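The following explanation leads the reader through one structure, step by step. Please keep the sequence and the model in view while reading.

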Amino acid sequence: MLNIKLQNLPPFAKLFVGMTTVLMLCVVLWSMYIFTIDKGFESAGGDDGMPAFYLPDDANQQEVDLFLAREKIHQLRLNAGLAHTHINGQTLLYFVLGFLFLFTSTKDKIKKYVYWLFGITVFVHTVGLTGAGFFSIFDDLLALSGVALLVIIPYMCFLIIIDLFKLSEPQHEQ
(Lines give C-alpha, C1' and ligand atoms only; values in the text may rest on other atoms or scores of the structure.)
Protein backbone atom coordinates (compact mmCIF):
# COMPACT_ATOMS: atom_id res chain seq x y z
CA MET A 1 0.00 0.00 0.00
CA LEU A 2 1.22 3.47 -0.85
CA ASN A 3 1.89 5.55 2.21
CA ILE A 4 2.33 8.99 0.64
CA LYS A 5 0.86 11.97 2.46
CA LEU A 6 0.58 15.46 0.99
CA GLN A 7 2.14 16.97 4.10
CA ASN A 8 5.29 14.89 3.51
CA LEU A 9 5.84 15.96 -0.11
CA PRO A 10 8.87 18.09 -1.00
CA PRO A 11 8.10 21.84 -1.35
CA PHE A 12 8.00 21.84 -5.17
CA ALA A 13 5.53 18.92 -5.14
CA LYS A 14 3.33 20.72 -2.59
CA LEU A 15 3.40 23.76 -4.87
CA PHE A 16 2.34 21.63 -7.82
CA VAL A 17 -0.56 20.05 -5.93
CA GLY A 18 -1.60 23.43 -4.53
CA MET A 19 -1.53 25.19 -7.91
CA THR A 20 -3.50 22.35 -9.53
CA THR A 21 -6.12 22.66 -6.80
CA VAL A 22 -6.33 26.45 -7.14
CA LEU A 23 -6.68 26.17 -10.93
CA MET A 24 -9.49 23.64 -10.49
CA LEU A 25 -11.22 26.10 -8.15
CA CYS A 26 -10.85 28.74 -10.88
CA VAL A 27 -12.62 26.37 -13.30
CA VAL A 28 -15.55 26.26 -10.87
CA LEU A 29 -15.47 30.04 -10.30
CA TRP A 30 -15.57 30.72 -14.04
CA SER A 31 -18.58 28.43 -14.44
CA MET A 32 -20.31 30.35 -11.63
CA TYR A 33 -19.39 33.59 -13.38
CA ILE A 34 -20.96 32.33 -16.62
CA PHE A 35 -24.11 31.39 -14.71
CA THR A 36 -24.23 34.89 -13.18
CA ILE A 37 -23.86 36.51 -16.60
CA ASP A 38 -26.62 34.29 -17.99
CA LYS A 39 -28.98 35.20 -15.15
CA GLY A 40 -28.22 38.90 -15.62
CA PHE A 41 -28.79 38.50 -19.35
CA GLU A 42 -32.19 36.92 -18.77
CA SER A 43 -33.26 39.70 -16.38
CA ALA A 44 -32.23 42.30 -18.99
CA GLY A 45 -34.76 40.89 -21.41
CA GLY A 46 -32.76 38.12 -23.03
CA ASP A 47 -31.10 38.03 -26.40
CA ASP A 48 -33.52 38.94 -29.14
CA GLY A 49 -30.80 38.24 -31.69
CA MET A 50 -31.50 41.43 -33.62
CA PRO A 51 -28.41 42.99 -35.19
CA ALA A 52 -28.01 46.77 -34.90
CA PHE A 53 -29.05 47.46 -38.50
CA TYR A 54 -32.50 45.97 -37.74
CA LEU A 55 -33.30 48.81 -35.36
CA PRO A 56 -35.92 51.07 -36.89
CA ASP A 57 -34.80 54.50 -38.08
CA ASP A 58 -36.95 56.16 -35.48
CA ALA A 59 -35.51 54.11 -32.60
CA ASN A 60 -34.86 56.39 -29.68
CA GLN A 61 -31.51 56.57 -27.92
CA GLN A 62 -32.77 54.51 -24.98
CA GLU A 63 -33.57 51.56 -27.28
CA VAL A 64 -30.18 51.85 -28.95
CA ASP A 65 -28.42 51.99 -25.57
CA LEU A 66 -30.34 48.93 -24.37
CA PHE A 67 -29.45 47.07 -27.54
CA LEU A 68 -25.76 47.97 -27.19
CA ALA A 69 -25.79 46.93 -23.54
CA ARG A 70 -27.27 43.56 -24.53
CA GLU A 71 -24.57 43.15 -27.17
CA LYS A 72 -21.86 43.84 -24.57
CA ILE A 73 -23.39 41.31 -22.17
CA HIS A 74 -23.59 38.78 -25.00
CA GLN A 75 -19.91 39.35 -25.88
CA LEU A 76 -18.92 39.02 -22.22
CA ARG A 77 -20.86 35.74 -22.03
CA LEU A 78 -19.06 34.41 -25.12
CA ASN A 79 -15.69 35.48 -23.73
CA ALA A 80 -16.39 33.91 -20.33
CA GLY A 81 -17.42 30.65 -22.01
CA LEU A 82 -14.24 30.59 -24.07
CA ALA A 83 -12.16 31.40 -20.98
CA HIS A 84 -13.86 28.59 -19.06
CA THR A 85 -13.05 26.11 -21.82
CA HIS A 86 -9.44 27.27 -21.88
CA ILE A 87 -8.92 27.11 -18.12
CA ASN A 88 -10.31 23.57 -18.15
CA GLY A 89 -7.92 22.43 -20.87
CA GLN A 90 -4.94 24.35 -19.60
CA THR A 91 -5.43 23.03 -16.07
CA LEU A 92 -5.43 19.53 -17.52
CA LEU A 93 -2.17 20.33 -19.32
CA TYR A 94 -0.78 21.79 -16.10
CA PHE A 95 -1.66 18.64 -14.18
CA VAL A 96 -0.41 16.09 -16.70
CA LEU A 97 2.83 17.87 -17.58
CA GLY A 98 3.37 18.93 -13.98
CA PHE A 99 2.93 15.39 -12.75
CA LEU A 100 5.47 14.04 -15.24
CA PHE A 101 7.76 16.99 -14.50
CA LEU A 102 7.79 15.97 -10.81
CA PHE A 103 9.81 12.90 -11.76
CA THR A 104 12.46 14.63 -13.86
CA SER A 105 15.98 15.27 -12.66
CA THR A 106 15.40 19.02 -13.03
CA LYS A 107 16.58 20.97 -9.99
CA ASP A 108 13.91 21.55 -7.37
CA LYS A 109 14.30 25.32 -7.59
CA ILE A 110 13.64 25.28 -11.35
CA LYS A 111 10.60 23.04 -10.81
CA LYS A 112 9.27 25.56 -8.30
CA TYR A 113 9.67 28.45 -10.75
CA VAL A 114 8.11 26.50 -13.62
CA TYR A 115 5.10 25.49 -11.50
CA TRP A 116 4.55 29.08 -10.34
CA LEU A 117 4.95 30.54 -13.81
CA PHE A 118 2.76 27.96 -15.52
CA GLY A 119 -0.04 28.23 -12.94
CA ILE A 120 -0.10 32.01 -12.89
CA THR A 121 0.06 32.14 -16.67
CA VAL A 122 -3.02 29.89 -17.00
CA PHE A 123 -4.93 32.22 -14.66
CA VAL A 124 -3.76 35.39 -16.45
CA HIS A 125 -4.66 33.85 -19.82
CA THR A 126 -8.17 33.15 -18.53
CA VAL A 127 -8.58 36.72 -17.30
CA GLY A 128 -7.31 38.02 -20.65
CA LEU A 129 -9.79 35.88 -22.58
CA THR A 130 -12.67 37.01 -20.39
CA GLY A 131 -12.00 40.71 -21.01
CA ALA A 132 -10.72 40.47 -24.59
CA GLY A 133 -12.19 43.17 -26.80
CA PHE A 134 -13.34 45.35 -23.88
CA PHE A 135 -10.09 47.04 -22.86
CA SER A 136 -6.66 46.80 -24.44
CA ILE A 137 -5.08 45.60 -21.17
CA PHE A 138 -7.03 42.33 -21.51
CA ASP A 139 -5.85 41.90 -25.09
CA ASP A 140 -2.27 42.48 -23.93
CA LEU A 141 -2.66 39.98 -21.07
CA LEU A 142 -4.03 37.45 -23.53
CA ALA A 143 -1.17 37.92 -25.98
CA LEU A 144 1.61 37.82 -23.36
CA SER A 145 0.19 34.85 -21.49
CA GLY A 146 -0.39 32.99 -24.75
CA VAL A 147 3.25 33.43 -25.71
CA ALA A 148 4.32 32.41 -22.20
CA LEU A 149 2.26 29.20 -22.45
CA LEU A 150 3.84 28.47 -25.82
CA VAL A 151 7.26 28.70 -24.16
CA ILE A 152 6.54 26.93 -20.85
CA ILE A 153 4.77 23.87 -22.26
CA PRO A 154 7.47 22.94 -24.82
CA TYR A 155 10.16 23.65 -22.19
CA MET A 156 8.58 21.16 -19.80
CA CYS A 157 8.04 18.63 -22.59
CA PHE A 158 11.66 18.99 -23.67
CA LEU A 159 12.96 18.35 -20.14
CA ILE A 160 10.62 15.38 -19.69
CA ILE A 161 11.75 13.81 -22.98
CA ILE A 162 15.42 14.39 -22.17
CA ASP A 163 15.00 12.64 -18.81
CA LEU A 164 13.02 9.87 -20.40
CA PHE A 165 15.85 8.95 -22.75
CA LYS A 166 18.75 9.44 -20.38
CA LEU A 167 20.64 6.27 -19.72
CA SER A 168 19.81 4.99 -16.30
CA GLU A 169 22.56 4.65 -13.79
CA PRO A 170 23.51 1.05 -13.07
CA GLN A 171 21.98 -0.30 -9.91
CA HIS A 172 24.43 -1.84 -7.47
CA GLU A 173 23.33 -4.95 -5.64
CA GLN A 174 24.02 -5.01 -1.95
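In this predicted model, Tyr94 touches residues from several parts of the sequence; leaving aside residues up to four places away, its contacts are Leu15, Phe16, Met19, Thr20, Leu23, Phe99, Tyr115, Phe118 and Gly119. Tyr94 also belongs to the largest nonpolar core, which has 26 residues. Together with Phe101, Tyr115, Phe118 and Met156, Tyr94 is among the residues with the most contacts inside that core. Four helices, α1, α2, α3 (108-131) and α4 (136-165), each supply at least two residues of this core. The greatest contribution comes from α1, with nine residues.

The space in the largest pocket amounts to about 270 Å³. Its lining consists of 14 residues, and the closest to the pocket centre are Leu9, Ala13, Val17, Phe99 and Leu102.

Attention may now turn to the loop between α2 and α3, where Thr104 is found. Is Thr104 buried or exposed? Thr104 counts as buried, because its relative accessibility is 8%, and buried means under 20%. Its side chain is joined to that of Thr106 by a polar contact of 3.0 Å. Beyond residues up to four places away in sequence, Thr104 touches Lys111, Leu159, Ile160 and Asp163.

Terms used: Residues numbered from 1 in each chain as written. Predicted model: local features only at pLDDT ≥ 70, side-chain atom pairs only at ≥ 80, totals over all residues. Heavy atoms only, no water. 1 Å grid on protein atoms, 1.4 Å probe; cavity = no way out; pocket = protein on both sides within 12 Å on 5 of 7 lines; lining within 4 Å. Points joined across faces, edges and corners; volume = space filled by probe spheres on them. Core = buried A, V, L, I, M, F, W, Y, C linked by side-chain atoms within 4.5 Å. Buried < 20%, exposed > 50% of the residue type's maximum accessible area, 1.4 Å probe, protein only. Contact = heavy atoms within 4.5 Å. Polar contact = N/O pair within 3.5 Å; in protein donor to acceptor, adjacent residues only side chain to side chain.
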